[in-house]
Number of protein chains: 2
Amino acid sequence: MAPGARNGSAAAGVGATLQAIRAAESTTRAELVASTGLARSTVAQRIEQLLAHDLIVPVGENASTGGRPPQAFAFNAQAGVILAADLGATHCRIAVTDLGARVLADESHDVAIAAGPEAVLGWLEDAFGTLLMTAGRSPADVSGVGVGVPGPVEFATGTPVAPPIMPGWDGYPVADRLSRCFDAPTLVDNDVNIMALGEHWTACREWDHMLFVKVGTGIGCGIITDGRIHRGALGAAGDIGHIHVPQHDDVLCRCGNQGCLEAVAGGAALAATLSAEGTGAANARDVVSLVREGNPRAVQLVRQAGRELGEVLAASVNFFNPGIIVIGGDMAHANEPLLAGVRQLVYQRAVPLGTRSLRITRSTLDDRAGVVGAAVMLIEHVFSPEVVDARLAGDGTPVV
Amino acid sequence: MAPGARNGSAAAGVGATLQAIRAAESTTRAELVASTGLARSTVAQRIEQLLAHDLIVPVGENASTGGRPPQAFAFNAQAGVILAADLGATHCRIAVTDLGARVLADESHDVAIAAGPEAVLGWLEDAFGTLLMTAGRSPADVSGVGVGVPGPVEFATGTPVAPPIMPGWDGYPVADRLSRCFDAPTLVDNDVNIMALGEHWTACREWDHMLFVKVGTGIGCGIITDGRIHRGALGAAGDIGHIHVPQHDDVLCRCGNQGCLEAVAGGAALAATLSAEGTGAANARDVVSLVREGNPRAVQLVRQAGRELGEVLAASVNFFNPGIIVIGGDMAHANEPLLAGVRQLVYQRAVPLGTRSLRITRSTLDDRAGVVGAAVMLIEHVFSPEVVDARLAGDGTPVV
């Protein structure tokens, strides 16, 4: 390790220069001198180092001529790829993205998480390999692997912790296994956390405090505070599906408690109600189809589910004061009936200051929020100043 | 401003060295070289600069002799004082602390916040002046002023925003006024936020995610995440007093909604119930006195209030996954009946992972949480690396 690498001065290292270049669309040496306050010679030295590692590329009309105006540089988003997976209870989306989290190839599959980690991860490794070929890239290009799973995760080790709907996964070293398979940094997080991150990075960067609510079979929430995922003490944050809602103590939830939000307003609960009433609906997607066909009972149930969710979110608004709430997941495809119910109760029940500038909207990334977020999670890690400094410290070139 | 001051390299500046010294009880040059990775000559230079500014002092048996073992240094907590105030609805505590947030002198007064900012702040300026004399210090010693108020605050400007129980304070430049009066940096925040900060700094540093719940006349919550106060989009975070609790829609809250937690379980609500039943109780303190005297109806009401609060906190546990919940405020003096009710509902209703290692406890700082927190808020600001670097950049000595 280079002498400077552990001095806590990451803000002044080469990684910080890369960070500044990534933050700008493109930037010149002079702009970097102005924005970082570093000496001109230091900036020049770092540019050379980053070019040598293919981490940045010359851009603009002067890329070939080298004449005036001065040469600009940009982050080289093509220098590698990220493998991203969003594993749900019954289906899964996988993607290959570039280093700007742009999806190069993706596909979705029916995969039962309950089949256990050996079966699911074995399949995932094969599927990633095939998708890499589809994207025209090789295993050597893989800069990182990001995975979301439908349960709580100990983020530091990438290990599921007591996940209720993932039999066999408790304590399984998911990140370790994938990291070895692809010889690349691997991070694992709760699926709703990565959806929140993807949505925030893509469409909501101007909001520091955001909630992403996934309404599917169940209900969960990803929390962004100061631009970062809030995971809580044990990675259990955002589990709003098991918050108690009034007047439903007759409804038993799969968690063993009565009157949980998810047991009242989740897609599985609505499908069960419709089925019991003689209208065929096996799951959340069927409920959405009925709403789209204009089935009045389905519309009524979804709007009521929106109100139940809105009551819980009103409490979350009072507690957390987010700037924006984004609704995603299968049930979000029901659109206005769901959002109208949510908005009604949030505006009725939350404190006025909490809703003064609050926005409640649908996910823009929709089904891709998870894979984009998984890619963002890896990119932000792999190109963080600390990791870049540490990586480049070992290459023989001076760490400046 | 020195050339290096805006280069974002605060982590490598003299302020960072002071931070490292503050974090340790005491430390030597060699320890600083090891912990920061800086060159020996740089550490020596910074030590000289910090000594010249009285920001650190030599400590230990070698303070006078200079012989072996090597000289240790510590942050000079006596180099100045902080004026701290915790303004409540009807009473106020003020304190003079050293730069380690140790209370040198404090007192509490009956002050009606509803008298408006001119009257209250005029009084506060006089009271601070008198207390400074009591502590044997002069206005020139004041390094900062920290104030908590019972309402939402726009933290960046130190201005109350639409505070429900502070008539005349909306938009009043509290920080500006006090800053001019004492010619010192001044920060203003919500009272519960500073209580949370004081408690966290003093007794709960090992928990990254903490809730501090103030149960007094009303009910509010301070949120600590990753060791810092979470204020939310508009400074409204933690307003749990107006979360809807089931089965109390007949109770009108002062906010105009029905069934708010505070209208059901706050000290004022309990006092009103007891009074209506013929037991004299004017406020939260009277209710606590009755509980301490063993009045069964008061004990019953407080325990039920604990359960109502516990239902709301169970939802907050699912949402936020704190490691510890600290209960403070006047009603916390009721002790076990209140905490038993809280614990009962939190353990009954929160998800198992959320309560696996959750601690629910009473405030250790008690009535002083606010003033200690207000002092901590100022100290953390005034001695942050950025502010120290900027301040020392103007003194003619080189910024290293």
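Student: Which residue of chain A comes closest to the rotation axis?
Tutor: Pro246(A) does, with its C-alpha at 2.6 Å from the axis. Keep in mind that this is a predicted model.

Student: What rotation superposes chain A on chain B?
Tutor: One of 180°, with 0.0 Å of shift along the axis and an RMSD of 0.0 Å. That is how a two-fold axis relates two copies. Both copies use the same surface, as 96% of the contact residues of chain A recur in chain B.

Student: How many residues are in contact?
Tutor: 52 residues of chain A are in contact with 50 residues of chain B. Strand E12 (219-225), helix H11 (296-320) and helix H13 (352-355) of chain A each supply at least two residues to chain A's side.

Student: Which of them gives the most?
Tutor: H11(A), with seven residues.

Student: And how do the residues on that side of chain A divide?
Tutor: Into 25 nonpolar, 21 polar and six charged.

Student: New topic. What is the strand order in the open sheet of chain A?
Tutor: The five strands run E13-E12-E11-E14-E15, with mixed pairing. Strands E13 (228-229) and E15 (359-362) of chain A are at the edges. Each has a single partner strand, so one side of each lacks a neighbour in the sheet.

Student: In which sense do E14 and E15 of chain A pair?
Tutor: Parallel, over four bridges. Ile324(A) stands opposite Arg359(A) of E15(A).

Student: Which helix lies across E14 and E15 of chain A?
Tutor: Helix H12 (residues 336-349) of chain A, running at about 165° to E15(A).

Technical notes. Residues are numbered from 1 along each chain as its sequence is written. Chains are lettered from A and ligands numbered from 1 in the order in which they are written. This is a predicted model: local features need pLDDT of at least 70, side-chain atom pairs count only at pLDDT 80 or more; totals for chains, interfaces and linings use all residues. Two residues are in contact if their C-beta atoms, placed from the backbone, lie within 7 Å. Ala, Val, Leu, Ile, Met, Phe, Trp, Tyr, Cys and Pro count as nonpolar, Asp, Glu, Lys and Arg as charged, and the others, Gly among them, as polar. Copies are superposed by least squares on the C-alpha atoms of residues with pLDDT of at least 70 in both. Two strands pair if DSSP finds at least two bridges between them. Axes are lines fitted to C-alpha atoms, for helices over the stretch in contact, and angles run from 0 to 180 degrees between N-to-C directions.
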